[in-house]
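Okay, thanks everyone, let me get started.

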Amino acid sequence: MTVGASGLPRDAVPAAFDVGAKSYDRLVGANPGYHAHLRMSALRLRLPRDGAGLRLLDAGCGTGASTAALLAAAPLADIVAIDASSQMLAQAKAKDWPESVRFVHTTVEDMAAAGVQGPFDAILAAYLLRNVADQGRQLRAFRNMLVPGGTLAVHEYSVRDSVVARAIWNAVCWSIIIPLGKVTSGDATLYRHLWRSVSDFDGVAAFERRLRTAGFDGVHTEPMTGWQRDVVHTFLADVPTREGT
């Protein structure tokens, strides 16, 4: 097993999240804007009618913060939320949810085997794609799971295109995130992985190209606010309403 560009071997990432699961909500809660920014990405899906009659996928739900963001944006939708970390998923399931929300323990690559299949009207993937081994293949899979005209929102760090964003990211990680992660969970492995995986992830322009190559159109990026401006982004991409358009 080799260590990939993201720091940890891909198949070791869920176990690292297992270790940090119990303290994860406390740690991200200390991040100004964390939950508000997830809600921004969910709202940017522009789901009609409060989600009535829609089926949504939360790919990489973690402890349920992105699920809560989807639910706030589309309270009448049916939501399927998946995660590869059993302990993160346990934290999510322990919260109060309506019957319209269902959690499934599976990697994103093995969703079909776990009974999670399309079509979906929209997909939110928060902090997921940089931990996927074959990003192009996964984006094509998302495209095939969406209805024509459906939208994918990728809520993700991307700092490669900005010297300032890289400097901010390095400073925040090594002065706050990694030390605080060590204190709260007793193990900083996950948070060192977070630093390196973000540092190695696509820049905005490169990831937009990936989305277009995967067959999406209407590809564009919308920014966050506060310290995460130019650090975290909402990448939005639509499935063509018919082939060739």
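What follows is a quick walk through the backbone and then the aromatic pairs.

Keep in mind that this is a predicted model. So, backbone to begin with. Most residues other than glycine have a negative phi, and most peptide bonds are trans. With that in mind, where do we find a cis peptide bond here? It joins Gly 118 and Pro 119, with omega at about 5 degrees. If you want to find Pro 119 on the screen, go to the loop between β3, residues 101–105, and β4, residues 120–126.

Next, a couple of positive phi values. Arg 49 has a phi near 55 degrees, and Arg 49 is not a glycine. You'll find Arg 49 in the loop between α2 (34–43) and β1 (55–59). Is Arg 49 buried or exposed? Arg 49 counts as exposed, because its relative accessibility is 54% and the cut-off for exposed is over 50%.

Then there's Asp 230, again a residue other than glycine with a positive phi, near 70 degrees. Asp 230 sits in the loop between β6 (217–223) and β7 (232–238). At 40% relative accessibility, Asp 230 is called partly exposed.

How many aromatic pairs does the structure hold? Eight. I'll pick out a couple of them. Tyr 34 and Tyr 127 are stacked, with 5.8 Å centre to centre and 20 degrees between the planes. This pair links distant parts of the chain: Tyr 34 is in helix α2, Tyr 127 is in the loop between β4 and α5 (135–145), and they are 93 residues apart. Tyr 34 counts as buried because its relative accessibility is 7%, and Tyr 127, at 11%, counts as buried too. The cut-off there is under 20%.

The other pair I want to show is Phe 207 with Phe 235, which is edge-to-face: 4.8 Å centre to centre and 70 degrees between the planes. Phe 207 lies in helix α8 (residues 204–213) and Phe 235 in strand β7, so this pair ties together parts that are 28 residues apart in sequence. Both Phe 207 and Phe 235 are buried.

Which residues form one aromatic cluster with Tyr 34 and Tyr 127? Those would be Tyr 157 and Trp 169.

Methods:
Residues are numbered from 1 along each chain as its sequence is written. This is a predicted model: local features need pLDDT of at least 70, side-chain atom pairs count only at pLDDT 80 or more; totals for chains, interfaces and linings use all residues. Side-chain values use heavy atoms; hydrogens and water are left out. Helices (H or I, at least four residues) and strands (E, at least two) are DSSP runs, numbered from the N terminus. Buried means under 20% relative accessible area, exposed over 50%, partly exposed in between (1.4 Å probe, protein chains only). Rings of Phe, Tyr and Trp (its six-membered ring) pair if their centres lie within 6.5 Å; planes under 30 degrees apart count as stacked, over 60 as edge-to-face and the rest as tilted.
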